[in-house]
Every structure is written in structure tokens, then in C-alpha cells.
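Please look over the sequence and the structure shown below before reading the briefing that follows.

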There are 2 protein chains.
Amino acid sequence: MDEQVKVGPWRRKSRETVYDNPWISLEHHEVLAPTGNDGIYGVVRFKNRAIGVLPISEDGDVWLVGQHRYPLDRYSWELPEGGGPLTEEPLNAAKRELLEETGVRAEHWSELAVFDISNSVTDEVAVCYLAWGLTDGDTQQADPTEDLDVRKVKFKTLLEMVMNGDITDSLTIIMVLKAHALALRGDAPQPISQILAAE
Amino acid sequence: MDEQVKVGPWRRKSRETVYDNPWISLEHHEVLAPTGNDGIYGVVRFKNRAIGVLPISEDGDVWLVGQHRYPLDRYSWELPEGGGPLTEEPLNAAKRELLEETGVRAEHWSELAVFDISNSVTDEVAVCYLAWGLTDGDTQQADPTEDLDVRKVKFKTLLEMVMNGDITDSLTIIMVLKAHALALRGDAPQPISQILAAE
């Protein structure tokens with residue numbers, strides 16, 4: 001049993017780790033809510049940052065990765081994504097994930113978005129990048145549990161897939177819409193700005 | 001011990017619920033990955049849909065809700081959000097959350113985005129709405145554990161807060177960027193289209 005610990009206007013009265021695997025742990029907390037009421041909180045802690053990459057070629061191609069998402073029991077097409085340990089520079093993780101999942105290397109990288117994925121229950125943070133100046137190698141170096149499909153589409157097509165709801169992955173939606181908005185206001189990196197404006 | 005169950009190209013060999021509270025449960029699964037390798041999967045199941053609302057007035061005001069997010073131990077300004085039981089019509093939950101958190105009622109509602117929040121570990125789905133034709137009541141009917149700040153900002157200001165990274169909540173980012181993109185292409189509801197274009 002811990003002492004009461006301040007968490008902003010909350011107070012944590014106790015904490016117990018009830019589950020732990022290589023990717024997440026789950027803690028059960030007894031708390032005093034900001035209103036003074038007794039309560040509980042199940043907190044899912046992530047051991048990795050979520051990493052996302054929007055790799056875009058001079059021809060306007062982007063690489064999508066398809067896989068069956070086990071928690072949803074549903075197939076999902078997404079931009080290349082993965083996890084990077086909290087102790088690792090996120091850009092390194094992004095380069096590794098892009099190469100592993102698509103065989104692509106990029107000369108230029110620009111941070112696109114940093115955000116909290118599901119803040120009511122988890123502490124999962126995402127760091128996402130634009131990548132351009134691409135070299136498409138032929139070797140996809142997959143994770144031993146991953147079975148990925150890869151396809152190229154035009155950025156304009158991907159934007160339509162986001163707008164019409166065909167793409168349901170939150171990271172992909174944020175990367176595509178933010179890159180598009182940056183380009184429309186002239187704030188995207190110059191070599192890819194016109195493509196991302198998708199007009 | 002269950003029989004092996006197909007989950008797309010995965011096989012579930014066993015399943016055990018290791019944690020359960022009113023909002024989530026956590027299941028530990030033994031699996032065969034699509035590659036044939038043995039593995040485990042910790043799956044966080046949500047008992048609610050995440051609900052988000054972008055309430056916009058004729059004057060271009062939107063309502064933001066601020067709170068200390070316990071899992072992150074960080075303060076966050078967001079559009080009105082909450083949870084709605086999976087058995088409840090999400091639009092009802094959206095109307096309730098908007099009223100509870102801000103005291104605002106809306107005459108018109110339009111579905112804005114449906115997406116998967118964190119699909120590597122959870123089955124959490126978000127349903128988000130645009131709301132307009134607003135009546136601003138004076139009674140905020142808070143949840144007994146919630147201590148919320150509420151403030152009005154112009155949509156244009158909120159868009160800047162999203163673009164410069166001041167807003168870090170994934171649902172808010174998606175609602176703002178998608179509403180803006182819809183308006184720029186002339187696909188937002190007519191009465192609020194010019195405001196959401198934010199030009």
C-alpha cells in the first residue's frame with residue numbers, strides 16, 4: 001500500500017500491477033477523484049511509443065501496410081506503423097519500421113505529429129513522421145509474428161480513403177489529414193508540398 | 001482452455017480474463033501468429049464506445065473541455081468526449097455527453113468520423129459528430145468523478161492549436177482536421193461550412 005500520491009488533482013491511494021507482458025502492463029489503482037469521491041482506475045501502460053510514417057515518393061506514391069488486427073478481429077490498411085522502446089530515439093524506430101515493413105529507406109524525415117492515442121485509459125503516445133527522398137529496396141524484413149500485405153497508392157487516393165471512412169486506423173487518419181492541412185497552408189516540406197495538397 | 005479459434009489468419013489457443021472493471025477488461029490469449037509462430041496477446045476490451053462532439057455556433061465558437069488525464073498525469077484541452085455503452089445508440093450518448101460537460105444542446109447532428117483508436121492492443125472504437133444549431137444552457141451536469149474546465153474558442157483558434165501541437169488528444173485532432181477538410185472541399189453541412197473552412 002502506497003502513501004497517497006498526487007496525480008494532478010487526483011490522489012492515488014494504492015497501486016497494484018495485475019498484468020504484465022512485453023508490450024503493456026495493467027495497473028489497478030484506488031483513487032480519490034478530483035471531486036473528492038472514492039474511485040478506482042485501471043491504467044494500461046505501454047512499453048513502446050507508437051511510431052507512424054507517411055512515406056511519399058516524387059510521383060505521389062505512398063506505401064500502405066495491410067494486416068488482420070487481432071484485438072478487433074478485422075483487416076486494416078494503414079501507413080507503416082510499429083512500436084519503439086521509450087528509451088529509443090523515435091526517429092530511429094521510424095526508420096527501422098519503415099524498412100522492416102516496406103523495404104523502403106528515406107533520405108529526408110520531418111516530424112509530423114505527436115499525440116496521445118487513448119488518454120482515458122492508456123499512456124500510449126504516438127510520434128509520426130513524413131519521409132521523402134525514397135529508395136525502394138526489395139527486401140521486406142518482417143517481425144516473426146507479422147504477416148503483412150504491402151501496396152502502393154497515390155496520396156490523393158489515400159486521402160479519399162480517409163475521408164470516406166475506408167481507413168479506420170487513428171494514426172493513419174491523423175498523418176494523412178495533418179500532412180494535407182500543412183500542404184494547403186504552404187507549411188509542408190517544399191519537395192512534397194504539391195503532392196500532399198492533393199488538388 | 002478453449003479449442004483453437006480462428007481470428008482471421010491468427011489462431012487463439014486459450015483465453016483468460018485477468019482484469020475487469022466497469023470500463024475495461026483485459027484478456028491474456030495464447031495464440032498462433034499468422035506466420036505459424038507461438039505467441040501471446042494481451043487484449044484490452046472496452047465496454048464503451050468513445051464518443052466525441054464538435055459543437056459549433058453560428059459565430060464560429062467551439063466548446064473545449066479541460067481536465068487532468070490520470071493515465072498521462074497531464075492536463076489536456078479537448079472537445080467534449082465521453083463513453084457510451086456498446087448497446088446504446090451513439091448519437092444518444094453524444095447528446096448526453098455534450099449536455100453534461102458543457103450545458104449545450106444542439107438541434108442538428110451529423111456523423112463526422114468512425115475509427116479505431118488503438119488497434120494494436122485494444123478494440124476501442126470512436127464515433128464522432130458535428131453538432132450545430134446550439135442552445136447554451138447554464139447547467140453543467142458533471143459526472144461524480146469529473147472536475148472539468150470549460151471554455152469557448154473560435155474554430156480557427158482550435159485549428160491552430162491542433163496544427164501547432166498544443167492539442168494532443170487523438171479524437172480532438174481527428175474531429176478538427178476532418179471537419180476542416182470536409183469544409184474545404186465543400187462537403188461540410190452548409191450552415192457551418194464557411195466557419196469550418198477557417199480561411
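How many residues of strand β6 (residues 61-69) of chain A are buried? Nine of the nine residues in strand β6 of chain A are buried, and the strand is mostly covered, where buried means under 20% relative accessible area, exposed means over 50% and partly exposed lies in between, computed with a 1.4 Å probe on protein chains only. This is a predicted model, in which local features need pLDDT of at least 70, side-chain atom pairs count only at pLDDT 80 or more, and totals for chains, interfaces and linings use all residues. Residues are numbered from 1 along each chain as its sequence is written, chains are lettered from A and ligands numbered from 1 in the order in which they are written, and side-chain values use heavy atoms, with hydrogens and water left out.

- Helices (H or I, at least four residues) and strands (E, at least two) are DSSP runs, numbered from the N terminus, and two strands pair if DSSP finds at least two bridges between them.
- Strands of a sheet pair through backbone hydrogen bonds, either parallel or antiparallel.
- Strand β6 of chain A runs antiparallel to strand β11 (residues 149-154) of chain A and is joined to it by six bridges, with A:Leu64 standing opposite A:Arg151 in β11(A).
- Five bridges pair β6(A) with strand β7 (residues 74-78) of chain A, again in the antiparallel sense, and here A:His68 stands opposite A:Tyr75.
- The hairpin of β6(A) and β7(A) has four residues between the strands, and in this hairpin A:Asp73 takes a positive phi near 50 degrees.

**Two open sheets in chain A**

- One open sheet has four strands in the order β1-β2-β3-β4 (chain A), with antiparallel pairing.
- In this sheet β1 (5-7) and β4 (38-46) of chain A stand at the edges with a single partner strand each, so one side of each is left without a neighbour in the sheet.
- Within it, strand β2 (residues 10-20) of chain A and strand β3 (residues 24-32) of chain A run antiparallel and are joined by eight bridges, and A:Asp20 stands opposite A:Ser25 in β3(A).
- Strand β5 (residues 48-55) of chain A pairs in the parallel sense with strand β10 (residues 125-136) of chain A over six bridges, and the bridge partner of A:Pro55 in β10(A) is A:Ala131.

**Two helices of chain A**

- In contact, which means heavy atoms within 4.5 Å, residues of helix α2 (residues 155-163) of chain A, including A:Phe155 and A:Leu158, meet residues of helix α3 (residues 170-184) of chain A, including A:Thr172 and A:Ile173.

**Chain B**

- A rotation of 180 degrees with 0.0 Å of shift along its axis superposes chain B on chain A, with an RMSD of 0.0 Å, the copies being superposed by least squares on the C-alpha atoms of residues with pLDDT of at least 70 in both.
- The two copies are thus related as by a two-fold rotation axis.
- B:Lys6 is found in strand β1 (residues 5-7) of chain B and is exposed, with a relative accessible area of 59%.
- The C-alpha atoms of B:Lys6 and B:Leu32 are separated by 9.7 Å, and these residues lie 26 residues apart along the chain.

How values were computed:
Axes fitted to C-alpha atoms, helices over the stretch in contact; angles between N-to-C directions.
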